Amino acid sequence: MAEIISGKVISAAVKERIAKEVEALKQEGTTPGLAVIIVGSDPASQVYVGSKERTCIELGMYSEKYELPETTTNEELLSLIDRLNKDDKIHGILCQLPLPRHLDEGKVIAAISPEKDVDAFHVQNVGRIMLGDYDFLPCTPAGIMEMLKYSNINPEGKHCVVIGRSNIVGKPMAMLMLHANATVTICHSRTKNLKEICKEADILVASVGKSKFVTADMVKPGAVVIDVGINRDQNGKLSGDVDYENVEPLCSAITPVPGGVGPMTIAMLMQNTLTSAKRSKIN
Ligand code: NAP
């Protein structure tokens, strides 16, 4: 039986610590503030934004939510970001992606001040992650590293295979594993011998976006398996990228879906907002 790495339990511990730090910072006169922007009415984005706002309030932080219509122009969105960049109450700005097609995602990410870029998507923050000298880490990979730490799983000297090379998960995940002294392989849709490579992994991270993509014959017995995927079937039922039922008996530890990586992502967003608020006191 594998150890179940519970994002619910670990994120609760992380949030408890953050709430205490928020309280202490408030005593010193600073309330960490997060502004979340959503454009259009994508149902999944609405759910994510709602839970970010709720968590923010639950941890004693200041929250602003901007729900903009589908017809919002680049100029209107950039002007809101410019205003939030200058607002001292706001320490973190998050623009929920994906944006409607007519909006320029690259320009929007570049417009958020790197000091308030709590998603860590700005090119300056991405570069700093590469160098290992950063204030913010992208929330999902950071959450995964926190889960491993909490579960006493040290990546040093292990072979970590990351399936997926997105800017949000796969690439920064590989970089954080490298900083943690793992030997890292990144796989993607053009990778040959995917099964054989995955089977060599001591730590296997799946961020593909395809339900039950990782099957039992791709997993080395005793491996640690981290499932980033969030997939919904026709009935709205959630599943990860890993065939959990058949993989779980094989591995030493595994994250479930739901209740695995997802809750950690939000906890790390709160961590980044707190970090930004602390830094604003120094500068
Ligand atoms: P993405 O941008 O769509 O990237 C998917 C990656 O999987 C790509 O690099 C793609 O390769 C690779 N891939 C696709 N088919 C493959 C195949 N047959 N063999 C090997 N690699 C293949 O996705 P993402 O943003 O990383 O998200 C992945 C999943 O994680 C989604 O389900 C998303 O909803 C979920 N997610 C969850 C959280 C969370 O908090 N739990 C956060 C972010 C994302 P190419 O580059 O060659 O196309």
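The legends below describe close-up views of a predicted model.

**View 1. Six strands form an open sheet.**
The strand order is β1-β11-β8-β7-β5-β6, and the pairing is parallel. The edges are taken by β1 (3-4) and β6 (183-187). Each of these two has a single partner strand, so one side of each is left without a neighbour in the sheet. In general, strands of a sheet pair through backbone hydrogen bonds, either parallel or antiparallel.

**View 2. Strand β8 (residues 224-227) is shown with β7 and β11.**
Strand β7 (residues 203-206) runs parallel to β8 and is joined to it by four bridges. One of the residue pairs is A206 with D227, the latter being the bridge partner in β8. Strand β11 (residues 253-254) also runs parallel to β8, with two bridges between them. Here V225 has I254 of β11 as its bridge partner. Within β8, V224 and I226 point one way, while V225 and D227 point the other way. All four of these residues are buried.

**View 3. The largest nonpolar core has 51 residues.**
The members that touch the most other members are I5, I18, M177, V205, V224, I226 and M270. Helix α10 (residues 261-282) gives the most to this core, contributing nine residues. Another core, of 18 residues, lies apart from it; V214, M218, V219 and I254 are among its members.

**View 4. The surroundings of M270 are shown.**
Neighbours within four places in sequence are left aside here. The remaining contacts of M270 are with I18, L34, K52, T55, C56, L59 and M61. Both M270 and I18 are also among the core residues that touch the most other members.

**View 5. Helix α1 (residues 7-27) packs with α10.**
Two packed helices are described by the angle between their axes and the distance between the axes. For α1 and α10, the axes come within 9 Å and cross at roughly 20°. Angles under 35 degrees count as roughly parallel, and α1 and α10 are therefore roughly parallel to each other. The crossing in which α1 passes α10 is left-handed. On the α1 side, the contact is made by G7, K8, I10, S11, V14, K15, R17, I18, E21, V22 and L25. On the α10 side, it is made by P263, M264, A267, M270, Q271, L274, A277, K278 and K281.

**View 6. Helix α1 also packs with helix α6 (residues 139-150).**
The two axes are 10 Å apart, and the angle is about 95°. That makes α1 roughly perpendicular to α6, since angles from 65 to 115 degrees fall in that class. G7, V9, I10, A13 and V14 of α1 make this contact with E146, M147 and Y150 of α6. Among the α1 residues, G7, I10 and V14 also take part in the contact with α10.

**View 7. N125 lies in helix α5 (residues 123-131).**
Its relative accessible area is 3%. Buried means under 20%, so N125 is buried. Not counting residues up to four places away in sequence, N125 touches P114, D117, A120 and F136.

P98 is found in the loop between β4 (92-95) and α4 (105-111). P258 is placed in the loop between β11 and α10.

**View 8. N181 and N193 have positive phi although neither is a glycine.**
For N181 the phi value is about 70°. N181 is located in the loop between α7 (170-179) and β6. With 45% relative accessibility, N181 counts as partly exposed. For N193 the phi value is about 55°. The loop that holds N193 lies between β6 and α8 (194-199). The relative accessible area of N193 is 53%; exposed means over 50%, so N193 is exposed.

Conventions. Residues numbered from 1 in each chain as written. Predicted model: local features only at pLDDT ≥ 70, side-chain atom pairs only at ≥ 80, totals over all residues. Heavy atoms only, no water. Core = buried A, V, L, I, M, F, W, Y, C linked by side-chain atoms within 4.5 Å. Buried < 20%, exposed > 50% of the residue type's maximum accessible area, 1.4 Å probe, protein only. Contact = heavy atoms within 4.5 Å. Pairing = 2+ DSSP bridges. Axes fitted to C-alpha atoms, helices over the stretch in contact; angles between N-to-C directions. Parallel < 35°, antiparallel > 145°, perpendicular 65-115°, else oblique. Left-handed = near helix turned anticlockwise from the far one by under 90°.
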